[in-house]
Amino acid sequence: MRRSTIRPLSSMGGYAVDPWQSVRRTLAVAGYGWLAALVTGYVSYLALRWVWVPIAVGVVLCLAFVVALIVLHRAAWIALLSVVPGLFILVGAVQYAPELALEVRGVRESVVIVADDATGKDGSNHRYTLRTADGEELTERLTYNGSAWAPKVGERLDVIRDPEGVVPMEQADEVDAAGRLGALGAGLVAWTLMAVLAGWRGHVRRRKGKTDSLLLSL
């Protein structure tokens, strides 16, 4: 029969908790965070045509990290704070592969917007028809979701398009693979530090017998 790692100590008013088990739990949660980012980035590489696939995978994996952090910490506030670096990780992991592909093999074009087939509520989903400097109209459309700072018909832009037609075209000033990788790294460092803090705090809470009220405890 497996012996429990938490034993009452009446003389100390607390509990005996195996510190190595707490270390193993902490390493497991921190390692899972890195694995989640790696898997999301790899899925993004495999599914360059379908950006929604790595987004869906990344959201599920990031939410699982948040839950694991709550269980490790035995409280919720660090896990809630981890959502912010989680967004950096999600954006970085999802966008790094396609933007790197555009930087490596993309063709830069100076274009002018000649039409906007806007759809959605308030026409906020833009699909721009572009014409190059030599008068050629591109068959691929430039998409832009949102109303704020949306380009207008007649505006000139620099875009980068994939000659193989796998990665969607983007505005040239928005393609920054190194920036995406930096955001991903910063988010992972923050997640690792939070896992270490959560592991230490969780160990202390278990020694004090505070093993309930995961969402409300501090």
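1. The second largest pocket is lined by Trp34, Ala37, Leu38, Gly41, Tyr42, Tyr45, Ala93, Tyr96, Ala97, Leu181, Leu184 and Leu188. A pocket here is an open set of points, on a 1 Å grid over the protein atoms alone, with protein on both sides within 12 Å along at least five of seven lines, and lining residues have an atom within 4 Å of a point. The model is a predicted one, in which local features need pLDDT of at least 70 and side-chain atom pairs count only at pLDDT 80 or more, while totals for chains, interfaces and linings use all residues. Residues are numbered from 1 along each chain as its sequence is written, and side-chain values use heavy atoms, with hydrogens and water left out.

2. About 150 Å³ of space lies in this second largest pocket, a volume being the space filled by probe spheres (1.4 Å probe) set on grid points that are joined across faces, edges and corners. Helix 1 (19–46), helix 4 and helix 5 each give at least two residues to its lining, and the largest share, six residues, comes from helix 1. Helices are DSSP runs of H or I with at least four residues, strands are runs of E with at least two, and both are numbered from the N terminus. By class, the lining has 11 nonpolar residues, one polar and no charged, where Ala, Val, Leu, Ile, Met, Phe, Trp, Tyr, Cys and Pro count as nonpolar, Asp, Glu, Lys and Arg as charged, and the others, Gly among them, as polar.

3. The largest pocket holds about 650 Å³ of space, and of the 24 residues that line it, Val51, Gln95, Thr143, Pro168 and Glu170 lie nearest its centre. Two or more lining residues come from each of helix 2, helix 4 (83–105), strand 5 and strand 7, with helix 4 supplying the largest share, six residues. The lining divides into 14 nonpolar, five polar and five charged residues.

4. Turning to the strands, five of them form an open sheet in the order 5-4-3-6-7, with antiparallel pairing; two strands pair if DSSP finds at least two bridges between them. Strand 5 (142–145) and strand 7 (170–171) are the edge strands, each pairing on one side only.

5. Along the sheet, strand 4 and strand 5 pair over four bridges in the antiparallel sense, and Asn125 has Asn145 of strand 5 as its bridge partner. Strand 3 is joined to strand 4 (residues 125–132) by five bridges, with Asp116 opposite Tyr128 in strand 4. Six bridges link strand 3 (residues 107–116) to strand 6, where Asp158 is the bridge partner of Ser110. Strand 6 (residues 156–161) and strand 7 run antiparallel and are joined by two bridges, and Ile160 stands opposite Glu170 in strand 7.

6. Helix 2 (residues 52–73) packs with helix 5 (residues 177–207) at an angle of about 30 degrees, their axes being 7 Å apart. Helix 2 is therefore roughly parallel to helix 5, a term for angles under 35 degrees, and the axes are lines fitted to C-alpha atoms, for helices over the stretch in contact, with angles running from 0 to 180 degrees between N-to-C directions. The contact (heavy atoms within 4.5 Å) includes Cys62, Phe65 and Leu69 of helix 2 and Trp191, Met194 and Ala195 of helix 5. Its residues divide into nine nonpolar, three polar and three charged.

Technical notes. Parallel < 35°, antiparallel > 145°, perpendicular 65-115°, else oblique.
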